[in-house]
Structure formats: C-alpha cells, structure tokens
Amino acid sequence: MAGHSKWANIKHRKAAQDKKRGKAFSQISKAIMAAVRNAGPNPADNIPLRLQLDKARAANMPKDTVERAIKRATGEAGGEQLQELTYEGYGPGGVGIVIQTITDNVNRTNSEVRSTLEKRGGSMGKPGSVSWNFEQKAVYVVPAEGVDEEALMEIGLEGGADDVEQEAGL
C-alpha cells in the first residue's frame, strides 16, 4: 500500500514543527540581541531583555541558545551586526503606518518594506512624515496581591502614567 507509511507522516509533521520552532527561535534571538545592544546584558536592569527572555521560556527555547544570543550581542562571540530601523509610510486610504524592524541587511529590508507597501496600495513616507502623529506607550501589569490600590495609583500618576486601572480577574 503506497503512501501509508507511518514514518513518512511523522517525518513530514516533525519537519513542519521544526521549521516553525526554528523561525520563532531566530526571531526571539534577534530581539534578545537588540535588547542587549540597547541596554546591556543584565536582565535586572533591562526590561526589554527580561520580556524577550520570558518569550524564550514560553517558546521552550534552549538555555544555551539564549546565552549564545546574549554573547553575540555583547561581542564575546562573533556574529552578524543587527540594526533596528523604523520606516514610515501610508497604507490604503492614507492610513499612517510606523514599521519597526530588526535587520542585518538594510538595503534588503528597505526594498522589502517598500514593495510590500506598494503591492497593497500604500507608499513609503519620509522620516518624520507619520511618526509625529503617534505616541509611544507602555503597559505595566502588577499583581494585585498585597498591593494597596491607592498607593499604586499614586506611584503611577507621579511617574507620569496616563491612567491606572484594575482589571477583573487579575
């Protein structure tokens, strides 16, 4: 009976899973390297790095792979130089779009972003043409156990928060 090999089915499924896992690992590694380059290799001092380490744990990324990414970013191990770039453009109907990328090849990324926007009815903008319309924000989640809501609100508002709210179920 041709085509009914159990091993062949397992092999194809495993190959597809490995491909997805490898893509996720490389994205997380690049994000870890960018975070280390911006604020240092110490997770206690580097909140974006801590976030990426949490993502790596959630994706079951091996510890040695994470350590290799950190070493590459600090320069201990050789590797490609990644850059963070921000592109601005307009989508269909004149909607402003800010695109943040991490790349090892600026020219390739520029042409890919431009062609993607143009294929979908948009266009690239000049630096500053769209970003003036946006404001960068952050969300901090604090466990409610043992925390006085009034004190937390006071700390948040003194720190420049726009709003402090308590969500149900947290």
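Predicted model: local features only at pLDDT ≥ 70, side-chain atom pairs only at ≥ 80, totals over all residues.
Me: Which are the edge strands of the open sheet?

Reply: Strands pair if DSSP finds at least two bridges between them, and here three strands make an open, antiparallel sheet in the order S2-S1-S3. An edge strand pairs on one side only, and this holds for strand S2 (96-103) and strand S3 (123-124).

Me: Which residue in S3 is the bridge partner of Gly-89?

Reply: Strand S1 covers residues 83-90 and runs antiparallel to S3, with two bridges joining them. Across from Gly-89, the partner in S3 is Met-124.

Me: Is Ser-29 buried or exposed?

Reply: Ser-29 belongs to helix H1, which covers residues 6-39. A residue is buried under 20% relative accessible area, exposed over 50%, and partly exposed in between (1.4 Å probe, protein chains only). Because its relative accessible area is 8%, Ser-29 counts as buried.

Me: How many Å apart in space are Ser-29 and Thr-65, C-alpha to C-alpha?

Reply: If neighbours within four places in sequence are set aside, Ser-29 is in contact (heavy atoms within 4.5 Å) with Met-61, Thr-65 and Ala-69. Although Ser-29 and Thr-65 are 36 residues apart in sequence, their C-alpha separation in space is 7.9 Å.

Me: What is the relative accessibility of Thr-101?

Reply: Thr-101 sits in strand S2, and, with residues up to four places away left out, it touches Gln-83, Glu-84, Leu-85, Tyr-87 and Thr-109. Thr-101 counts as buried because its relative accessibility is 14%.

Me: What separates Arg-57 and Asp-54 in helix H2?

Reply: Arg-57 and Asp-54 form a salt bridge, with their closest N and O atoms 2.9 Å apart; the term requires a side-chain nitrogen of Lys or Arg within 4 Å of a carboxyl oxygen of Asp or Glu. Arg-57 is exposed at 56% relative accessibility, whereas Asp-54, at 42%, is partly exposed. Because the two are three residues apart in helix H2 (residues 47-58), what separates them is about one helical turn.

Me: How many residues apart in helix H4 are Arg-108 and Glu-112?

Reply: The side chains of Arg-108 and Glu-112 meet in a salt bridge, at 4.0 Å from N to O. Both residues are partly exposed, Arg-108 at 39% relative accessibility and Glu-112 at 44%. They are separated by about one helical turn, because their spacing in H4 is four residues.

Me: How many residues apart in sequence are the parts that Lys-137 and Asp-162 tie together?

Reply: Lys-137 and Asp-162 form a salt bridge whose closest N and O atoms are 2.2 Å apart. Lys-137 lies in the loop between S3 and helix H5 (149-158), and Asp-162 in the segment after H5, so the pair ties together parts whose separation in sequence is 25 residues.

Me: How many salt bridges does the structure hold?

Reply: Besides the pairs already described, Lys-14, Asp-18 and Arg-21 are linked in a network of salt bridges. For the structure, the number of salt bridges is eight.

Key. Residues numbered from 1 in each chain as written. Heavy atoms only, no water.
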